[in-house]
Amino acid sequence: MAGHSKWANIKRQKAVVDAKKGKTFAQLSRAIIVAARSGIPDPNSNFQLRTAIDKAKAADIPNDNIERAIAKGAGTLAGDSASFEAIRYEGYGPGGVAILIEALTDNRNRTAADLRGAFSKSSGNLGETGCVSWMFDQKGVCVVEGVKSEDQLLEASLEGGAEFYEMIDNDRAEVFTEVSNLEVLIQSLKEQGFQVKDVELRWIPGNYIEITDADQGRSLLKLIDTLEKLDDVQNVTANFEIADSIVDVIMG
């Protein structure tokens with residue numbers, strides 16, 4: 001299970017180093033648009049939309065921007081004709097690492113071309129649909145803070161239908177469950193007094209490739225960084241483990 005947290009820790013380090021406010025705004029706004037379009041444009045009745053709005057507020061996106069994104073998704077924003085769709089792309093990075101990319105785009109050809117260019121520059125390949133997704137399972141994840149007792153966390157997790165949890169710090173944990181059970185788990189954890197700081201859907205690899213070479217690790221993280229900076233990309237997941245000592249060398 002250690003790979004789950006290690007990958008999450010790498011992503012958090014990268015977020016601190018190279019977070020771009022405008023990029024975050026664009027990603028979260030698109031997530032709201034798609035959530036509002038795929039269901040009822042009311043957060044009280046649409047869990048996906050409610051989660052997207054909570055993330056936007058946590059990133060200090062103004063309420064006006066949030067309301068505009070909801071209206072855009074609902075098709076009630078005057079003068080708007082753009083239509084975003086969620087697409088999953090798959091490929092291989094350096095060392096044969098499997099990579100899943102979740103994108104929201106209004107132009108499939110542009111997005112595919114951008115991704116293909118990013119892969120080719122890093123000795124990787126953008127593959128066909130299904131080439132690596134069989135290696136991953138999608139889970140719902142709750143990031144919990146203020147954990148004082150693992151026994152209490154275990155009890156609350158089991159009561160909420162969680163599959164497992166991982167401590168990622170002295171008082172923080174990630175609790176995993178089936179996607180369909182995520183809302184139940186959130187409610188259970190909150191009722192037990194835990195602080196649910198973040199909620200997301202995450203692809204979990206069934207196996208991992210261990211990266212032991214710093215140059216290969218640097219090339220891989222550079223590819224992931226390039227992919228994440230593309231406007232249409234929402235999330236990138238890969239099936240590799242990398243030792244903390246190698247991460248420290250790469251992060252310099």
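Reader: In what order do the four strands of the open sheet stand?

Author: This is a predicted model. Strands of a sheet pair through backbone hydrogen bonds, either parallel or antiparallel. Here the pairing is antiparallel, and the order of the four strands is β5-β6-β4-β7.

Reader: Which strands stand at the edges of the sheet?

Author: A strand at an edge has a single partner strand, so one side of it is left without a neighbour in the sheet. This applies to two strands, β5 (164-167) and β7 (195-205).

Reader: How many degrees does the twist average from one strand to the next?

Author: The sheet in question is the open one with the order β5-β6-β4-β7. From one strand to the next, its twist averages 25 degrees.

Reader: How many bridges join β4 to β6?

Author: Strand β6 covers residues 172-177 and is joined to β5 by four bridges. Strand β4 covers residues 136-145 and runs antiparallel to β6. Cys142 stands opposite Val175 in β6, and Tyr165 also stands opposite Val175. The number of bridges joining β4 to β6 is six.

Reader: How many residues of β6 are buried?

Author: Buried means under 20% relative accessible area. Strand β6 has six residues and is largely enclosed by the rest of the structure, because the number of them that are buried is five.

Reader: Which residue forms an aromatic pair with Phe164?

Author: The structure holds one aromatic pair. Its rings are 4.5 Å apart centre to centre, with 15 degrees between the planes, and the pair is stacked. One member lies in strand β5 and the other in strand β6, so the pair ties together parts that are twelve residues apart in sequence. In the sheet, too, Phe164 stands opposite this residue, which is Phe176.

Reader: Which helix packs on the sheet, touching β5 and β6?

Author: A hairpin joins β5 to β6 through four residues. The helix that touches both strands covers residues 150-159, and its direction makes about 150 degrees with that of β5. This helix is α6.

Reader: At what angle do the axes of α6 and α7 cross?

Author: Two packed helices are described by the angle between their axes and the distance between the axes. The axes of α6 and α7 (residues 182-191) come within 8 Å, and the crossing is right-handed. The angle is roughly 145 degrees.

Reader: How many residues of the contact of α6 with α7 are charged?

Author: Helix α6 contributes Leu153, Ala156, Ser157 and Glu159, while α7 contributes Leu185, Ser188 and Leu189. Of these residues, four are nonpolar and two polar. The number of charged residues is one.

Reader: What is the phi of Asp60?

Author: Most residues other than glycine have a negative phi, and most peptide bonds are trans. Asp60 lies in the loop between α3 (47-58) and α4 (63-74). Although Asp60 is not a glycine, its phi is positive, at about 65 degrees.

Reader: Is Ser123 buried or exposed?

Author: Ser123 is found in the loop between α5 (108-121) and β3 (125-126), and has a positive phi of about 60 degrees. A residue is exposed when its relative accessible area is over 50%. The relative accessibility of Ser123 is 63%, so Ser123 counts as exposed.

Conventions:
Residues are numbered from 1 along each chain as its sequence is written. This is a predicted model: local features need pLDDT of at least 70, side-chain atom pairs count only at pLDDT 80 or more; totals for chains, interfaces and linings use all residues. Side-chain values use heavy atoms; hydrogens and water are left out. Two strands pair if DSSP finds at least two bridges between them. Axes are lines fitted to C-alpha atoms, for helices over the stretch in contact, and angles run from 0 to 180 degrees between N-to-C directions. Contact means heavy atoms within 4.5 Å. A crossing is left-handed if the near helix is turned anticlockwise from the far one by less than a right angle, and right-handed if clockwise. Ala, Val, Leu, Ile, Met, Phe, Trp, Tyr, Cys and Pro count as nonpolar, Asp, Glu, Lys and Arg as charged, and the others, Gly among them, as polar. Rings of Phe, Tyr and Trp (its six-membered ring) pair if their centres lie within 6.5 Å; planes under 30 degrees apart count as stacked, over 60 as edge-to-face and the rest as tilted. Buried means under 20% relative accessible area, exposed over 50%, partly exposed in between (1.4 Å probe, protein chains only).
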